[in-house]
Amino acid sequence: MAIEDRLDALEARLQAAEDQLAIIRLLSTYGPAVDSGSSREGAALWTEDGVYDVGGMRRAEGHDAIAALYDSQGHRELIFRGSAHLTATPRITVTGDTAEAVGYSFVMLRSHKGWYVWRASANRWTLTRTPDGWRIVERYNRPVDGSEDSHATLRHGAK
Amino acid sequence: MAIEDRLDALEARLQAAEDQLAIIRLLSTYGPAVDSGSSREGAALWTEDGVYDVGGMRRAEGHDAIAALYDSQGHRELIFRGSAHLTATPRITVTGDTAEAVGYSFVMLRSHKGWYVWRASANRWTLTRTPDGWRIVERYNRPVDGSEDSHATLRHGAK
Amino acid sequence: MAIEDRLDALEARLQAAEDQLAIIRLLSTYGPAVDSGSSREGAALWTEDGVYDVGGMRRAEGHDAIAALYDSQGHRELIFRGSAHLTATPRITVTGDTAEAVGYSFVMLRSHKGWYVWRASANRWTLTRTPDGWRIVERYNRPVDGSEDSHATLRHGAK
């Protein structure tokens, strides 16, 4: 292969690897942000009109609405009790400037005698490349409760 | 270094990074597949004659036998109750066209009052590069129960 | 761009991706090491004078002191009961030859009727590049207990 072609191929392949790592990093920022009261930083993981569709709770749209979730009385009770919003490394599929990630998240909560799994969720994130890096367009989140909705969410990650 | 040599070195290093990411992605597909009833997709993570050696349960060999685990009555009870088969990002070592991954997996299960850790396992995956990407040759899985067998499994990841 | 410049850029970008993967791998070695009684291998993830500041327990400095934590009676009781020291993939920021990682770790412990979350922690690792690869300079670890100390630890990962 000609040198130019090898460079082109390397640049494209490296971009794909960087995209996966950038999305892993973006989603790994979520817990530290929302468990430390950094509500704006948590919301800023989404695009400006991004959507967080939280099963069984509500659908928040845009930075203000998403940050309001983390500023709510309910969320603040969690973080002052001691919460770990764990996003497990999901299965990521990048297609040009958009991406999909499918996987689990858990909220571990402190009780008087240790910690327990307060919530286990199935998630499908759709993401987009922006001038500032990857951002979440929508996070569709459903509790792992055996429902068709939760199964359908996960099925996106099995194809 | 000459341009050709730099290109050769870049291609080899990038391949190594891509291999790690591909194996992380393969193993991250497991949970979404088996928790959503996508039994064939779950089995297809293995080579055609791949082995899933599930400690305390059985040893399944080949796609049909592995898919049968996920189609079993016991497994279906888990997924309709609400299960999260979490594969934590393992410690991956790639050597040419084979690889080893060592790490933990957990099954989080819904109960009437939340979720709990139904199973915690030590795993050693051996993997191979195929024309269709990385596949599992063997997944050796043992419950985290203090046994020498579980310790020996993890010790592979400590070297 | 000239060929030399493209090669330079590729080498720098690839190095950054490799660094992230190397740190993920280093931290993924922790659990398999300390849960299998491989105390020296666990301590060797730190630099020779590295620090493990374990909230509510002690501050261990250097390989001998860190290995002593894993050889202690208390730790050995955990691993013979069945423990999984899970390091979730953290949020990693590499700056030249140093790096920071912020995220969660969990100890899952076997009881007579399954497993439970024995400890959930917030962590901030500072790391350095050595001739032998990345090593931990300090691991600052605090239980997820709603304290300002735990929140401040996580806040490093939200910026």
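How many residue pairs are in polar contact between chain B and chain A, counting pairs with both residues at pLDDT 80 or more? In this predicted model, the count between chain B and chain A is 14 such residue pairs. The paragraphs below describe this interface, then its counterpart between chain A and chain C, and finally a pair of aromatic rings.

**How the copies are related**

Two copies of a chain are related by a rotation about an axis and a shift along it.

**The interface of chain B with chain A**

On the side of chain B, 33 residues are in contact with 32 residues of chain A. The size of an interface is often given as the accessible area lost when the parts come together. Chain B and chain A bury about 2900 Å² between them, and 64% of this area is on carbon and sulfur atoms. Within chain B, the residues that lose the most area to chain A are Leu21(B), Arg25(B) and Trp115(B), which together make up 24% of what that side buries.

Charged side chains also meet across this boundary, where the count is four salt bridges. One of the salt bridges joins Arg6(A) to Glu4(B), with the closest N and O atoms 2.9 Å apart. Turning to the elements of chain B, those that give two or more residues to the side touching chain A are helix 1 (3-34), helix 4 (73-81), strand 3 (83-87) and strand 5 (98-111). Of these, helix 1 of chain B gives the most, with 17 residues. Sorted by class, the side of chain B that touches chain A has 14 nonpolar, 10 polar and nine charged residues.

**The interface of chain A with chain C**

| Item | Chain A and chain C |
|---|---|
| Residues in contact | 33 residues of chain A, 32 residues of chain C |
| Buried area | about 2900 Å², 64% on carbon and sulfur atoms |
| Salt bridges | four salt bridges |
| Polar contacts | 14 residue pairs, both at pLDDT 80 or more |

Of the area that chain A buries against chain C, 24% is supplied by Leu21(A), Arg25(A) and Trp115(A), more than by any other three residues. Among the salt bridges is one in which the side chains of Arg13(C) and Glu18(A) meet, at 2.8 Å from N to O. The elements of chain A that give two or more residues to the side touching chain C are helix 1, helix 4 (73-81), strand 3 (83-87) and strand 5 (98-111), and the largest share, 17 residues, comes from helix 1 of chain A. The residues of this side divide into 14 nonpolar, 10 polar and nine charged.

**An aromatic pair in chain A**

Over all chains, a search of the whole structure finds 12 aromatic pairs. One such pair is formed by Tyr30(A) and Trp46(A), whose ring centres are 6.2 Å apart and whose planes stand at 70 degrees, so the pair is edge-to-face. Because Tyr30(A) lies in helix 1 (residues 3-34) of chain A and Trp46(A) in strand 1 (residues 46-54) of chain A, the pair ties together parts that are 16 residues apart in sequence.

Definitions and conventions: Residues numbered from 1 in each chain as written. Chains lettered and ligands numbered in written order. Heavy atoms only, no water. Contact = heavy atoms within 4.5 Å. Buried area = accessible area lost by both parts, 1.4 Å probe. Polar contact = N/O pair within 3.5 Å; in protein donor to acceptor, adjacent residues only side chain to side chain. Helix = DSSP H or I, 4+ residues; strand = E, 2+ residues; numbered from the N terminus. Nonpolar A, V, L, I, M, F, W, Y, C, P; charged D, E, K, R; others polar. Phe/Tyr/Trp six-rings, centres within 6.5 Å; stacked < 30°, edge-to-face > 60°.
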